[in-house]
Amino acid sequence: MEHKCNLWSGSGYMGDPSDCRGWGFCEKNKLIERKNCIDGLFYNFRDGTCKKKGKAMCYSDLDEICASMKPEDYVANPADCQRFVKCMSIEDPIWSKCGEDQVFSNVEQKCIQEVSGCPQDNICSNMVDNALMAHPSSCKYYFKCYNGFATKMNCSADRYFNRESGHCQSWLPERCSRVEESHLDSPSPKDSHICSKYYQVDQLGEQKIPDMTTCYGYYTCTSQFDLGKWSSCPVGSHFVWWLQKCAPPEENSCSYDRCKNHRKSFVTTLNTGCREYTVCHNQSSIRSEKCPDKYPYFDEIKGQCGVVFPNHRVCYMNG
């Protein structure tokens with residue numbers, strides 16, 4: 001549970017992966033409480049209550065696990081990972097068993113030495129629905145939980161998942177210090193795929209398409225068969241795709257690094273309702289700061305916090 005709490009961007013209750021009676025409470029990426037249901041009851045992670053064994057969802061269901069596998073694949077019994085059965089036979093199972101000190105791995109499709117328990121336990125097992133979990137080894141990705149299973153998500157180009165806020169951001173979080181994650185190649189001068197993928201055939205003529213990497217770059221296409229040519233907005237502006245032109249950054253709903261292509265020292269931080277601002281250095285985001293209670297709203301045009309809500313488009317952005 002300590003490990004999962006460290007990855008969970010939210011707070012609340014979760015089931016103990018090693019004990020169906022156990023549960024814990026997570027807050028600020030730390031496990032702060034650990035308890036057990038009374039004898040005879042199991043913790044049901046889906047609604048956060050203790051229930052009789054037959055009504056509690058403690059382990060992932062075999063049908064749900066096999067839905068993501070091939071019929072001829074074998075699957076471990078989530079309640080006893082030494083035992084395994086073929087997916088096509090789970091309605092009338094014929095169980096096999098691994099040797100002593102071994103468990104069956106759904107991924108490797110064989111018995112392996114694994115002292116920490118079921119190796120197929122995914123990051124979302126025992127987690128409430130819609131929980132967001134940080135990827136253990138890369139800040140470019142995160143997981144969304146549903147029914148105890150994980151769906152892998154990714155942040156947009158040059159953005160990183162912050163397990164504390166639960167949002168993607170343009171500067172590298174403190175927990176993600178690897179140099180290779182902070183590097184991003186510049187957009188290609190020409191792109192042979194972007195026109196065929198994004199050109200709207202019901203609207204003929206020249207179309208400008210965001211480069212999916214920066215706030216200020218775009219590709220020009222004259223048809224779906226064209227070779228997209230990259231261009232940059234003038235310094236001080238960002239590309240607004242629905243207007244098909246460059247415009248002031250505060251009116252642009254771009255989720256990439258908003259510090260680039262202008263000389264501002266501060267810009268609005270996304271997902272904060274203009275209550276936080278991002279510090280820029282050499283046209284790159286480096287950290288976020290919160291406006292003081294006395295002056296709660298950041299105005300990107302003025303570059304300072306004040307008492308009046310600025311009502312810019314960026315104040316309503318989530319991403």
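**Pockets, a cavity and a patch**

Modeller: Keep in mind that this is a predicted model. The second largest pocket has a volume of about 500 Å³.

Biologist: Which residues lie nearest the centre of the second largest pocket?

Modeller: N162, S165, Q169, W171 and S288 do, out of 28 lining residues. Strands 15 (167–169), 22 (266–268), 23 (276–281) and 24 (284–290) each give two or more residues to this lining. Strand 24 gives the most, with 4.

Biologist: How do the lining residues of the second largest pocket divide by class?

Modeller: There are 13 polar, 8 nonpolar and 7 charged residues.

Biologist: What makes a space a cavity and not a pocket?

Modeller: A 1.4 Å probe fits inside but cannot get out. The search finds 1 such space of 30 Å³ or more. The largest cavity holds about 50 Å³, so it passes that 30 Å³ limit.

Biologist: What lines the largest cavity?

Modeller: Its lining is A134, H135, S138, C139, Y141, F161, R163, P173, R175 and C176. By class, 6 are nonpolar, 2 polar and 2 charged. Arg counts as charged, so R163 and R175 are the charged pair.

Biologist: Why is W241 called partly exposed?

Modeller: Its relative accessibility is 49%. Buried means under 20% and exposed means over 50%, so W241 falls in between. W241 is found in the loop between strand 20 (238–240) and strand 21 (245–247).

Biologist: Which residues form the nonpolar surface patch with W241?

Modeller: W242 and L243 do. Together the three have about 310 Å² of accessible area.

Technical notes
Residues are numbered from 1 along each chain as its sequence is written. This is a predicted model: local features need pLDDT of at least 70, side-chain atom pairs count only at pLDDT 80 or more; totals for chains, interfaces and linings use all residues. Side-chain values use heavy atoms; hydrogens and water are left out. On a 1 Å grid over the protein atoms alone, a cavity is a set of points where a 1.4 Å probe fits but cannot get out, and a pocket is an open set with protein on both sides within 12 Å along at least five of seven lines; lining residues have an atom within 4 Å of a point. Patches are made of residues with over 30% relative accessible area and no salt bridge: like charges are joined within 9 Å, nonpolar side chains (Val, Leu, Ile, Met, Phe, Trp, Tyr) within 5 Å. Accessible areas come from the Shrake-Rupley method with a 1.4 Å probe; for residues, only the protein chains shown count as cover. A salt bridge is a side-chain nitrogen of Lys or Arg within 4 Å of a carboxyl oxygen of Asp or Glu. Buried means under 20% relative accessible area, exposed over 50%, partly exposed in between (1.4 Å probe, protein chains only).
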